[in-house]
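Subject: Structure handover

Hi,

Here is the structure I promised to pass on. Please open it and keep it on screen while you read my notes.

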Amino acid sequence: MSASQTSSYESSDVPTLLVKIFGKDRPGITAGLFDTLAAYSVDVVDIEQVVTRGRMVLCALVTAPSRGLDGDLRATVHSWAESMKMQAEIISGLGDNRPRGLGRSLVTVLGHPLTAEATAAIAARITRAGGNIDRIFRLAKYPVTAVEFAVSGVETETLRTALATEAAALGVDVAVVAAGLHRRAQRLVVMDVDSTLIQDEVIELFAAHAGCEDKVAEVTAAAMRGELDFEQSLHARVALLEGLDASVVDKVRAEVRLTPGARTLIRTLKRLGFQVGVVSGGFTQVTDDLKERLALDFAQANTLEIVDGKLTGKVTGEIVDRAGKARLLRRFAAEAGVPLSQTVAIGDGANDLDMLNAAGLGVAFNAKPVVREAAHTAVNVPFLDTVLYLLGITREEVEAADAHVED
């Protein structure tokens, strides 16, 4: 198609027909419609097709036929549709779809379940913010329902702010990201470990073997709320482990529970060519094992000092704290040859905030309130693979890839 043809279709004075076919889905409907239209030498301007629970809606925007053939085209299309036990509607108009407004975003809504009330409220809030919903697409039906809205006409930050309060009140997760090529280009994902990649707080697992889990848990909770300096709290907690036999390391590794969806998330990202790493305020004695088990590309954490088969109650080397996590994200990105704008960071605690804010997309996963408020987006369902939906990856695509490997 030439540039002049393209511009003429967009012109508001060029006659076009919107042909809508709806009814029970079956093979051959799309081919049959366009075979019917081909007899009138019309050009296709736009096509949209949706199938929901076996019912199809097929819309074709085409140029109007030659003068005098409009009525014949309509009669022929209606006759064909009736022969296929479908219904047809044909609407005359001028030009193509109106151009989308500036400020384009993708709004992913996660519900468990996703109620009609929540959907109505989100859609109404988009409208009040000045946005227009251009397209809606379901990304997943389980373990959560995930729906993506393509929105134009309002800046991403404005829309994100407008929807954040609404989402919290409705009990659904709403992620708002800018639309564009950069979303498809994100190539590095870095995760926190404790209460993100895994369900546990590793130091509390060690503390259970030392008989001091209550004391450690108190300090951990205060640190994650941002009430204590992380490095000080780390030293205070590790000191309580002094004298613990090093054989406990293997026991703790065996006790670690991956977050539901963790393997699916990593496996899918790796198939897509992403590099995946972890940074942790926990310990290399566990993260090194996770790196090997999950085929991670990067892993960095603190190291428990062990002397003569006993934990000394100290850590060695550079401390991985809040600033350290952001620094490691930048280092991993440089080593992977990926700009920060194409990185994703996932975490739950206050010590993850610098990393979340440094990444192209920061995801607060079942996070503390202070983290949810500061991150780009939040996920509050217990399935780590829901992060895939924020990247536009559907559940069907994940399952198809798994089935292909199994075959």
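Four elements each supply at least two residues to the lining of the second largest pocket: helix H5 (156–170), strand E8 (173–178), helix H15 (369–374) and strand E15 (377–379). Bear in mind that this is a predicted model. Which of these elements gives the most to the lining? Helix H5 does, with eight residues.

The lining of this second largest pocket has 21 residues in total. Go to its centre and look for Ala 164, Thr 165, Val 174, Arg 372 and Ala 378, which lie nearest to that point. By type, the lining splits into 11 nonpolar, five polar and five charged residues. The volume of the second largest pocket is about 460 Å³.

Now zoom out to the whole chain. It has 407 residues, and 47% of them count as buried. You can pick out 17 helices and 15 strands. The C-alpha trace spans about 95 × 45 × 40 Å along its principal axes. Take the contacts with a separation of 6 or more: 67% of them are between residues 24 or more positions apart.

Next, the open sheet of four strands. Its strands come in the order E2-E3-E1-E4, and the pairing is antiparallel. Which strands sit at the edges? They are E2 (44–52) and E4 (87–94), and each of them pairs on one side only. From one strand to the next, the twist averages 10°.

Look at one pair inside this sheet. E1 (residues 15–24) and E3 (residues 55–63) run antiparallel and are joined by nine bridges.

Helix H2 (residues 29–38) lies across E1, E2 and E3 and runs at about 25° to E3. Helix H3 (residues 70–83) lies across E1 and E4, and its angle to E4 is about 155°.

Strand E7 (residues 145–152) is worth a stop too. Is E7 mostly covered or mostly open? It is mostly covered, with seven of its eight residues buried. E7 has these partners:

- Strand E5 (residues 105–111) pairs with E7 in the antiparallel sense, over seven bridges. Gly 111 has Thr 145 as its bridge partner in E7.
- Strand E6 (residues 132–140) is also antiparallel to E7, again with seven bridges. Here Arg 138 has Val 147 as its bridge partner. E6 and E7 make a hairpin, with four residues between them.

Last, find Leu 356. This residue is in helix H14 (residues 353–358). Why does Leu 356 count as buried? Its relative accessible area is 0%, so Leu 356 falls under the 20% cut-off for buried residues. Leave out residues up to four places away in sequence, and Leu 356 still touches Ala 345, Ile 346, Gly 347, Gly 362, Val 363, Ala 364, Val 371, Ala 375 and His 376. Asn 380 is 24 residues from Leu 356 along the chain, and their C-alpha atoms are separated by 16 Å.

That is the tour. Write back with any questions.

Best wishes

Definitions and conventions
Residues numbered from 1 in each chain as written. Predicted model: local features only at pLDDT ≥ 70, side-chain atom pairs only at ≥ 80, totals over all residues. Heavy atoms only, no water. Pairing = 2+ DSSP bridges. Axes fitted to C-alpha atoms, helices over the stretch in contact; angles between N-to-C directions. Contact = heavy atoms within 4.5 Å. 1 Å grid on protein atoms, 1.4 Å probe; cavity = no way out; pocket = protein on both sides within 12 Å on 5 of 7 lines; lining within 4 Å. Points joined across faces, edges and corners; volume = space filled by probe spheres on them. Nonpolar A, V, L, I, M, F, W, Y, C, P; charged D, E, K, R; others polar. Buried < 20%, exposed > 50% of the residue type's maximum accessible area, 1.4 Å probe, protein only.
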